[in-house]
Every structure is written in structure tokens, then in C-alpha cells.
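Here's a quick briefing to read with the model open beside you. Have a look at the fold first, then work through the notes.

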Amino acid sequence: VRLEQRLDTALLIRSKSGVELTREGKLLATRIRGFLLEWDSIEAAIKHEREEPAGRFTLGCHVSIALNWLPAHLPGFLKRWPRLELEISHDLSRRITEQVVSHQLDFGLVINPVRHPDLVLIDLGKDVFTFWGRDEALSDTVLYDPDLLQSQTLLRKLEKRGHRFTRRFTSSSLDLLGRMAANGAGTAILPSHLALQMRPSLRKPRGDSPALPDTLCLAYRADAQRSPGARALISALKAIG
């Protein structure tokens, strides 16, 4: 009755023997059947979207981390889930952590992150930041990234022990610094995972050079990453460990 009132037309012929559709009622029934079929299709698509990993995600990490870990793990992940897209940006770990907290990035692979109540931090592995060179002794030239806290701390520690470098070569590319050191340009401050890839060209200098432990972590906001796509990406990134 309400539908008839809304359409301002009779949809049923009512009699003592029963009811039957009017011409307008038959037209409405035909259209509704088409709508229900389309609704079933929409419902199936939404259910499929909810169950299959899909979507676009952003990942931040230092370029050295990206070069050394992602090529071995992400190609298989992307092949398995063709409806997932990943945008990677490169920056310092402390900035990436801030961007994850502020929802600018979905995920971060970060070194020694500061704990935050809104972040989930999963330890993926350990490393050591220290001095590496081609020669057994420390060079007069130091090669380092001045923006890294590890580099700043290690230089201060070495200066307290009485060693000062007479010349400095700086770059934001740890890979470049390692290659320069491997070719005799000086002593580089590098993470061990990178330096060990350049053996036997690189070695630790003789003596007790200062070193800093590093922890690689996966960082993300638990309140923002609950979709199947996010869970699949978390699983792939945890495998880096």
C-alpha cells in the first residue's frame, strides 16, 4: 500500500479469489528483478574486495635499507597479490617514524625508532654501525652521512679517544660511501650489513673502534592498518627479518 501511495498508482488487483499484478505492477516487478541481480553483483564484488588483499599503500625507508632488503622480498609479494600497489619513499628513519605517526605514510622500515603509544613496532633484525676501510688503520679521511645520528655519535666517541680526521667526505648515499672506501678513499661509517657485502675490499680497522648497535623495525599504526591488503603487506615485511 505504501509503495502504491508513493508511486500514486495501483500495483495489485485485489479480489476475493486473490491478487494479481496490474500492468504497472508487472513493469515494476521486472525492473526490481534486474535491480536485485545488479545488487547481488555489487554485494559479491564488495565481499571479494573485503577478502582479497587490494589497495594502495605507502612505505618509507632509507634508500640503503630499500636496496639491501626489498628486492629479495617484494617481487614475490607483488606477483602474488596483483591488486596491491606500493609507493616507496626514502628519508631518514626518524622522519619516516614521524610520518607514520601523522598518517603521512602507512608503513616504515626504520632504524632505532622512538617508541610511541600509537605505533606498532616489530623488531626485524640487528646490525652494527661502525668504521670500515680498505686499510687496517684508520685513514685521515672520513666518509659519512652527516644527517645520520649514528655517524654523529661515532665521530664524537672517536674524538674523545683522541682521534680526529683531517678531511671529511659526506654523502647521503651509504652505498656510495662504501664504494668510495672500498676503492681507498678513506674510512667510512657504515652499517655492517652493507660493509660485509663489499668484503674483502672493506675491513674493520685495527684497534677498538667505537660501534653502535642498530635495530631494524617495522612501524605502523594499528588503528589504520586492518584491511586484508595491509595484513598481507605486514606479513611480507615481517619476512625481511
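This is a predicted model: local features need pLDDT of at least 70, side-chain atom pairs count only at pLDDT 80 or more; totals for chains, interfaces and linings use all residues.

Residues are numbered from 1 along each chain as its sequence is written, and side-chain values use heavy atoms, with hydrogens and water left out. Helices (H or I, at least four residues) and strands (E, at least two) are DSSP runs, numbered from the N terminus.

**Strand pairing and crossovers**

- Strands β3 (residues 55–61) and β4 (residues 84–89) run parallel and are joined by 6 bridges; strands count as paired if DSSP finds at least two bridges between them.
- Within that pair, Leu59 sits opposite Ile88 of β4.
- To get from β3 to β4 the chain goes through helix α3 (residues 63–80), in a right-handed β-α-β crossover. Right-handed means that, with the strands pointing away from the viewer, the path from the first strand over the helix to the second runs clockwise.
- β7 pairs in the parallel sense with β8 over 4 bridges, and Thr141 faces Arg167 of β8 there.
- A right-handed β-α-β unit is made by β7, α5 and β8.
- β7 also pairs in the parallel sense with β9, over 2 bridges, with Val142 opposite Thr187 in β9.
- Both faces of β7 are covered: Thr141 and Leu143 are buried on one side, Val142 and Tyr144 on the other. Here buried means under 20% relative accessible area, exposed over 50%, and partly exposed in between (1.4 Å probe, protein chains only).

**Nonpolar cores**

- A nonpolar core is a set of buried Ala, Val, Leu, Ile, Met, Phe, Trp, Tyr and Cys residues joined through side-chain atoms within 4.5 Å.
- The largest one has 24 residues, and the members touching the most others are Phe129, Leu174, Ile189, Leu190 and Leu202.
- At least two residues of this core come from each of β6 (119–132), β7 (141–144), α5 (149–160), α6 (174–182), β9 (187–191) and α7 (192–196). The top contributor is α6, with 4 residues.
- Take Ile189: beyond its neighbours within four places in sequence, its contacts (heavy atoms within 4.5 Å) include Phe129, Val142, Leu155 and Leu174.
- A second, separate core holds 23 residues, among them Leu124, Ala232, Leu233 and Leu237.

**Helix α6 and what follows**

- Leu174, Asp175, Leu177, Gly178, Ala181 and Ala182 are buried in α6. They lie on the same side of α6 because they cover an arc of only 160 degrees around the axis, taken from the directions from the helix axis to the C-beta atoms.
- The cover over these buried residues of α6 includes α3, β6, β7, β8 (167–170), β9 and α7.
- Asn183 is in the loop between α6 and β9 and is exposed, at 62% relative accessible area.
- Asn183 and Asp123 are 60 residues apart in sequence and 34 Å apart in space, C-alpha to C-alpha.

**Cysteines**

- With a disulfide taken as a pair of cysteine sulfur atoms within 2.5 Å, the count is 0.
- The sulfur of Cys61 has its closest cysteine sulfur in Cys217, at 14 Å, which is too far for a bond.
- Cys61 counts as buried at 0% relative accessibility, and Cys217 counts as buried at 2%.
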